[in-house]
Amino acid sequence: MQIETLKVFCDLVESQSFSQSAIRNFITQSAVSQQVRNLEARFDTPLLIRNGRSVTPTTSGRILYEAAREILDRFERMQSEIKSSGSEMSGSVKVATIYTVGLYEMSMVIKTFLKAYPKVNLEVEYLRANRVYEYCQRGLVDIGVVTYPQARKGIRTIPLPSDRLVLICPPDHLFARRRNIELGRLDGENFVSFTRDLPSRRALDKVLRDHKVKVRTVMEFDNIETIKRSVEIGAGVAIVPLMSVQREVQSGTLAQVQFKGESFYRPLAILVRQNREVTPAAQKFIDLMTHPKTEL
């Protein structure tokens, strides 16, 4: 049995798709089917249940998958350690993150990492939060980065420094004249918010509700960039991470106002798959995320 066959099987279980497994391994779907048949013949038991175009493992298939996943993870780590035993770090790191974190908090980390380890192949994919969790659980990425982290089966979280939240408004807004403002002053204000299905929206709604503040939500978007543009044209005010508005504040298109008496933060965390060894290259990326000022 070859390691490539185990990889094809694991990719098939994780993607639940013959076509996706074929794409990931640069082979045909018929070749994937043949390798599955070979495994079933070797162990003399069905390994998959076919449901139309998708597949799920049988009990025996799940046992094989768990064992094969451990073998592949250890094999990948061994390869990384061998490649990294020379003078320069090499290998690959796959990262999944939400758009705002990738654009702001991770931008400098990515630049620093690529400069320090030019032989490492760094892949960053931008996804919605639920997909980041899914990709980590299925082992499709080495690292996930999310806001408002939640406990999920099979995932270990590593806390990151939190984002400070600020109020933003147009430069000619009454609030722009203030250095700080009580959260209660937002009562009745036109408010530009995130869509209801996002963790940031749920967290902000809870903050406002806990402080008995009722805003008038006039627009909802799934990304900070559109929220900022809407505030710039006077649609309303918004609450966003401090780092996300530095450019607009410096250029004068937006004003930021700190909250008085209490500070609010957006927690961040790295996600890694439990019981899966982190490669040396991935660990370097994690170290840089958790200690961005560390010399590498």
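Are Glu 14 and Arg 273 buried or exposed? Both residues are buried, where buried means under 20% relative accessible area, exposed over 50%, and partly exposed in between (1.4 Å probe, protein chains only). The model is predicted, so local features need pLDDT of at least 70 and side-chain atom pairs count only at pLDDT 80 or more, while totals for chains, interfaces and linings use all residues. Residues are numbered from 1 along each chain as its sequence is written, and side-chain values use heavy atoms, with hydrogens and water left out.

Glu 14 and Arg 273 form a salt bridge, with 3.8 Å between the closest N and O atoms; the term requires a side-chain nitrogen of Lys or Arg within 4 Å of a carboxyl oxygen of Asp or Glu. This pair links distant parts of the chain, since Glu 14 sits in helix α1 (residues 3–15) and Arg 273 in strand β12, 259 residues apart. Helices (H or I, at least four residues) and strands (E, at least two) are DSSP runs, numbered from the N terminus.

The protein has 11 helices and 12 strands. Its C-alpha trace spans about 75 × 50 × 30 Å along the principal axes. Of the 296 residues, 47% are buried.

In soluble globular proteins, nonpolar side chains tend to be buried together. The largest nonpolar core here has 38 residues, among which Val 93, Ile 143, Val 145, Ile 270 and Phe 285 touch the most other members. A nonpolar core is a set of buried Ala, Val, Leu, Ile, Met, Phe, Trp, Tyr and Cys residues joined through side-chain atoms within 4.5 Å. Two or more residues of this core come from each of β3 (91–97), α6, β4, α7 (129–137), β5 (143–147), β6 (155–169), β12 (265–273) and α11. The largest share, 6 residues, is given by α11.

A pair of aromatic rings is described by the distance of the centres and the angle of the planes. The whole structure holds 4 aromatic pairs, counted for rings of Phe, Tyr and Trp (its six-membered ring) with centres within 6.5 Å; planes under 30 degrees apart are stacked, over 60 edge-to-face, and the rest tilted. Phe 113 and Phe 285 make an edge-to-face pair, 5.3 Å centre to centre with 75 degrees between the planes. Because Phe 113 lies in helix α6 (residues 107–116) and Phe 285 in helix α11 (residues 280–290), the pair ties together parts that are 172 residues apart in sequence. Phe 113 is buried at 0% relative accessibility, and Phe 285 is also buried at 0%. Phe 259 and Phe 264 form an edge-to-face pair as well, with ring centres 5.3 Å apart and planes at 85 degrees. Phe 259 is buried at 8% and Phe 264 at 10%. Ring pairs also join Phe 113, Tyr 117 and Phe 285 into a cluster.

Another contact involves a charge and a ring: Arg 152 lies over the face of Tyr 133, 4.0 Å from the ring centre. The criterion is NZ of Lys or CZ of Arg within 6 Å of the ring centre and within 35 degrees of the ring normal.

Back to the charged pairs: the whole structure contains 26 salt bridges. Glu 220 and Arg 196 form one of them, with the closest N and O atoms 3.5 Å apart. Glu 220 is in strand β9 (residues 216–221) and Arg 196 in the loop between β8 (190–194) and α8 (199–210), 24 residues apart. Glu 220 is partly exposed at 32%, whereas Arg 196 is exposed at 57%. Asp 210 and Lys 206 form a salt bridge at 2.8 Å between the closest N and O atoms. These two residues are 4 residues apart in helix α8, so about one helical turn separates them. A network of salt bridges links Glu 225, Lys 228, Arg 229, Glu 232, Arg 247 and Glu 248.

Two backbone details concern residues other than glycine. Phe 26 has a positive phi of about 60 degrees; Phe 26 lies in the loop between α2 (18–25) and α3 (29–43) and counts as exposed at 79%. Tyr 148 has a positive phi near 45 degrees and lies in the loop between β5 and β6, but Tyr 148 is buried at 16%.

Tyr 126 belongs to strand β4 (residues 120–126) and is partly exposed at 42%.
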